[in-house]
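Subject: Structure for your review

Dear colleague,

Please find below the structure that I am handing over to you. I would ask you to look at it first and then to read the notes that follow.

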Amino acid sequence: MFLKKENLFTEITVLLLILIYAYFINWQSGNIGVLPIDSFGFLDTGYSIINGHLPIRDFWIFTGLLVDYMEAAFLYIFGNNWNSHLAHSSFMNILATAGFYLFLKEYNLKFSYIVFYSLCFATLCYPVSGTPFAYLHAYIFSLLATFSLLIAIKKRNKFLWYLFPYICFFAFLSMQTPTSYILIILSILLIFHFIKKKEPEELKFFILGFISSTLLFLLFLYFTQTPIINFIYQYILFPLTIGEARIVSEDTAYISLIDQFNLKRLFGEFKFIHIFLLPLIFLSIKTFKKNNRDLNILNIIIIFSVLAFFFNQLITANQIYIFSLIPILASVIHLNLDNLKKDPKIFYLIFFIVLFATTKFHLRFNVDRKFHELENIDKNKSINANKINKNFQNLRWISKFEDPKNELFVIEKALKVINDDERKKSLITHYQFVSTILGKPMNVLNRWYLWDNNTHPTENHRYFEFYKSLINKNIIKNNVEVIYLLGQKNEIKFEKIKNYFTDMCFENKIIIQDRFSSHKLINCNK
């Protein structure tokens, strides 16, 4: 469907080499250093699924549902280890790169140019994180939804019309934003297309895809016994309060949108995206007069999608993860210049800028690990993490918090204490790998623990009672006898945790001051 019969062997070979590169550049990046709250976010939740302890139903998540289940699949197939974790994110880099490559093929860009842009895209896409990250899953599935819809319209491809709703579901179940913004843009295009073209066959396959994907999701909720009310509260209502707080600049918001409107944030950090976005806007106006419908739709959708990704980046508290838009924008400009029959020499300037930006951000994010806040940390001090467990054999442990020897000492001691404890327990930590590497259930309560209403409701939040009820059911259902707290210095305090529980009392024990403690559940009458 996408690859031509002519030179098929050469194309498949080159594509395979590109995908191998996409896999291993992410693998290499993911093994350099850690930011615990991000690096390990899906390991124990994935392992929990394998053991029947499910997100939304049994513990609180507000995003990343699909990512959890994908993580569980990789752990189940390849084993409960760090390599499976990185195989997950590296697979997503392959998927994104393959989608971009095949997308450019359908617009008949010269083969050597497709290879160049695809390699740059693979370098700048998932490796900025290296490890599974919900925003990047949603970003990739949103891109794939955009690519598939554009090609479905261009080629009248019935299979892609059917597949499109599934990809949209995958994107939304990875992360609500930027997916929601992209789906609004694509929905407008859908309405315009069906009104303008009146293609009953395409509409039929789209409706079939939408109905079947919706039914599949409802069947998933039914067979996993996940209450729809849990899904609504955790995945719809609570995340809306996060966005609302940031947009209106509430005091409880982790960041406020208004604070993002400064020259450094708007232009300094995104300058290489602007370098291509602004000329594309100009070219799209110029080519619009030529009545090239496919190119006009491509330009409009890419421009508005980039703006949506840009807006989402502003209202999140994360490092920038959208640099792979640079080769996408450059390739679309390339298509426009081809259409205008411009002097091919101008392409050398495009290639130079893309190559320079790719090299710059590769060194800054993939090598220096800015995304995990390690840019100014001496990576030569890193320690092979197999000191913790053999499953970490390829990970070079260094974090922004402290000397890796001290951090690993605390983790090793905690692992020994937890492993030796035969009681049923729950672990509250951002080192979300303990359950996975020990092969023991830790009755996860949350994926993340921040007390600013950005990962779960706290006492001053309108949904706190719903959250508290879920946590209490978890503890009672799993007969938890002791709760362990493990984190950076004063990162996770029992004074805040204890407010989760109703009619429960505790016998507290400090194991490592301000870092690691146990809290035995006891009868309040004692």
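I begin with K341, which counts as exposed because its relative accessibility is 71% and the cut-off for that word is over 50%. Please bear in mind throughout that the model is a predicted one. K341 lies in the loop that links α15 (325-339) to α16 (345-367). Its phi is positive, at about 60°, although K341 is not a glycine.

A second residue may be read alongside it. N453 also is not a glycine, and its phi is positive, near 65°. This residue is found in the loop between α18 (434-438) and α19 (464-477). Is N453 buried or exposed? With a relative accessibility of 8%, N453 counts as buried, because the word applies under 20%.

P178 is placed in the loop between α8 (158-174) and α9. The peptide bond that joins T177 and P178 is cis, with an omega of about 10°.

Two packed helices are described by the angle between their axes and the distance between the axes. For helix α7 (residues 134-155) and helix α9 (residues 179-197), the axes come within 10 Å and cross at roughly 10°. Angles under 35 degrees count as roughly parallel, and therefore α7 is roughly parallel to α9. On the α7 side, the contact is made by A138, S142, A145, T146, L149, L150 and I153. On the α9 side, T179, I182, L186, L189, L190 and H193 take part. What kinds of residue make up this contact of α7 with α9? Nine are nonpolar and four are polar, while no charged residue is among them.

Finally, I turn to the strands. Four of them form an open sheet, in the order β3-β4-β6-β5, with mixed pairing. At the edges are β3 (425-429) and β5 (505-512), each of which pairs on one side only. From one strand to the next, the twist averages 20°. How many bridges join β3 to β4? There are five, and β3 and β4 (residues 482-486) run parallel.

Yours sincerely,
A colleague

How values were computed:
Residues are numbered from 1 along each chain as its sequence is written. This is a predicted model: local features need pLDDT of at least 70, side-chain atom pairs count only at pLDDT 80 or more; totals for chains, interfaces and linings use all residues. Side-chain values use heavy atoms; hydrogens and water are left out. Two strands pair if DSSP finds at least two bridges between them. Helices (H or I, at least four residues) and strands (E, at least two) are DSSP runs, numbered from the N terminus. Axes are lines fitted to C-alpha atoms, for helices over the stretch in contact, and angles run from 0 to 180 degrees between N-to-C directions. Angles under 35 degrees count as roughly parallel, over 145 as roughly antiparallel, 65 to 115 as roughly perpendicular and the rest as oblique. Contact means heavy atoms within 4.5 Å. Ala, Val, Leu, Ile, Met, Phe, Trp, Tyr, Cys and Pro count as nonpolar, Asp, Glu, Lys and Arg as charged, and the others, Gly among them, as polar. Buried means under 20% relative accessible area, exposed over 50%, partly exposed in between (1.4 Å probe, protein chains only).
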